[in-house]
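The sequence and the model are shown first, and the description follows.

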Amino acid sequence: MTHAQPAGDEPGADSKTVLEQAEIGRALTRITHEIIERTRGAQEVVLLGIPTRGVPLAARLAAGLEQVEGHPVPHGSLDITMYRDDLRLRPARTLGRTQVPPDGIDGKIVVLVDDVLYSGRTVRAALDALNDLGRPRAVQLAVLVDRGHRELPIRPDYVGKNLPTSQHEFVRVLLTEVDGQDAVLLGVAGGTGGPR
Amino acid sequence: MNRHLISAADLSRDDALLVLDTADELARISDRPIKKLPTLRGRTVVNLFFEDSTRTRISFEAAAKRLSADVINFSAKGSSVAKGESLKDTALTLEAMGADAVVIRHNASGAPHRLADWVRGSVINAGDGAHEHPTQALLDAFTIRRRFGRSSNGPGPGGQAGRGGTLDGLRVTIVGDILHSRVARSNVILLHTLGAEVLLVAPPTLLPVAVDTWPCSIDYDLDAALPKSDVVMMLRIQLERMNAAFFPSVREYSRRYGLDSARMAQLPERAIVMHPGPMNRGVEIAAGVADSPRSTVVEQVANGVSVRMAVLYLLLGGVEADQ
């Protein structure tokens, strides 16, 4: 959930790169094949990215699925701001955009896509948000990085990389579409406290 | 943003754009099968209406309910106010009931400002006397922005909410009873903040005393103003407040300052006609104009819910920055 802090945890000089562009690409390719395998050809799959960085990841996975399977896979975004459980702990946040593909999600297999899985609270909020949009046949979760420290009984179905971390560290995913480069950074959080 | 929304002057340009961008996202909720968000669950919004109102009260009620807040409606008729209870005692009662936000309409200018000292929750001005009506100005600005294609259409980078534009360079003409209009004052302030050029057109008797200090220009000739207007906002002639001879007759007013089809034809091609409602058809606006595709009257009502949801969310959705 590093995207919750646009300014607080800029990667400092002490952060190190744990995944580079090529490795991110390989991880996404592997997730693509796992999705095809688990959903028998990704016929009924809808990919929904959680803003900010889940959205370009969902688009990349959709492009990968189309390349392998030869049929387009609908993708979109799911903003969870209004469903967060920590709204009353901070000033009101700016909303993201929810964009559901035209065919909707009823009866589909929805794969939620996010950059980092940490406490699991974002995913819980996303499940609530989905509930108001329709009734998918199944919901799965794909994340680029699983950094552990879950606070809710939530587990990912597809993981790019398991990254054991301490809670004093931060994980930051950079994507070309948003940040101009692809990388996953790991560093020690500054005085602002760890992302939550 | 401030804790309260009492005047359109409380909003900086960035604040106003944040409200409009948030409203753009929230407007999309109304296309969904489930038009409800859990965001303000467990919070209480009190609609405190000392003056008659249909659309504003219903609009605030719908907005609060779509955000899952509990709504208590309080109208002066049939309450203890009719027995002589003061505003302060009413406020203390609401405070004891734990209101997180109070939406107040009052016939005295400044009542929301006083109320803000007495309650801990946010105070939202839903119209005070002839002073201000900031959420109406916000929904008008929102409607203008949408009609002129300056809203956030596509998502921004990474699916974040897109950023909509300002109203820079748009010429807005507000016509009619400026003297009694809280809508006009709030609109002049907010539209100026957002970069529009505002022109007031009214008979000299219906202009307030200090209007020359407002950030707008003034004219008395509607026919001269129309060809150079992108937006014409017609104000209601408030017959209930006409306690002096402001103009010789309603018919003469209508001739000089009413918008009929012939006058509408003088407008530039893309221009729109707005009215905050309720309309006096045949007085300040002809029925043919009110029902024309240029008229945004119905849109304004629909947009009102989205804008008020945005205001409630931004005032109540988080903690205050200073806590």
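## Overall build of chain A

The model is predicted: local features need pLDDT of at least 70, side-chain atom pairs count only at pLDDT 80 or more, and totals for chains, interfaces and linings use all residues. Residues are numbered from 1 along each chain as its sequence is written, while chains are lettered from A and ligands numbered from 1 in the order in which they are written.

Of the 196 residues in chain A, 42% are buried. A residue is buried if 20 or more other C-beta atoms lie within 10 Å of its own, exposed if 12 or fewer, and partly exposed in between, with C-beta atoms placed from the backbone. Among the contacts in chain A with a separation of 6 or more, 71% join residues 24 or more positions apart; two residues are in contact if their C-beta atoms, placed from the backbone, lie within 7 Å.

## Strand S2 of chain A

Strand S2 (residues 45-49) of chain A is mostly covered, with 5 of its 5 residues buried. In a regular strand the side chains alternate between the two faces of the sheet. On one side of S2(A) lie A:Val45, A:Leu47 and A:Gly49, and on the other A:Val46 and A:Leu48; all are buried.

S2(A) pairs in the parallel sense with strand S4 (residues 109-117) of chain A over 5 bridges; two strands pair if DSSP finds at least two bridges between them. Within this pairing, A:Leu48 stands opposite A:Leu112 in S4(A). S2(A) also runs parallel to strand S3 (residues 75-77) of chain A, to which 3 bridges join it, and A:Leu47 has A:His75 in S3(A) as its bridge partner. Between S2(A) and S3(A) the chain passes through helix H2 (residues 54-69) of chain A, in a right-handed β-α-β crossover. Right-handed here means that, with the strands pointing away from the viewer, the path from the first strand over the helix to the second runs clockwise.

## Backbone features in the loops of chain A

The loop between S2 and H2 of chain A holds A:Thr52, which is joined to A:Pro51 by a cis peptide bond with omega of about 5°.

A:Ala42 is found in the loop between helix H1 (21-38) and S2 of chain A, and it counts as buried because it has 24 C-beta neighbours inside 10 Å. A:His149 is found in the loop between strand S5 (138-146) and strand S6 (158-162) of chain A; with 14 C-beta neighbours inside 10 Å, A:His149 counts as partly exposed.

## Sheet and strands of chain B

In chain B, 5 strands form an open sheet in the order S7-S6-S5-S8-S9, with parallel pairing. Its edge strands, strand S7 (217-219) and S9, each pair on one side only. Strand S5 (residues 171-175) of chain B runs parallel to S8(B) and is joined to it by 4 bridges. B:Ile174 stands opposite B:Met233 in S8(B). A cis peptide bond, with omega of about -10°, joins B:Gly277 and B:Pro278; B:Pro278 lies in the loop between S9 and helix H10 (287-290) of chain B.

Elsewhere in chain B, strand S3 (residues 101-106) and S4(B) pair in the parallel sense over 5 bridges. The chain crosses from S3(B) to S4(B) through helix H4 (residues 111-118) of chain B, and this β-α-β crossover is right-handed. All of S4(B) is covered, as 7 of its 7 residues are buried.

## Helix H5 of chain B

The 14 residues of helix H5 (residues 134-147) of chain B should span 20 Å at 1.5 Å a residue, and its end C-alpha atoms are 20 Å apart, which agrees. The expected span is 1.5 Å times one less than the number of residues. H5(B) is mostly covered, with 12 of its 14 residues buried. Its buried residues pack against several elements of chain B, including helix H1 (13-27), strand S4 (122-128) and helix H11 (297-316). Just after H5(B), B:Gly149 takes a positive phi of about 65°.

Notes. Helix = DSSP H or I, 4+ residues; strand = E, 2+ residues; numbered from the N terminus.
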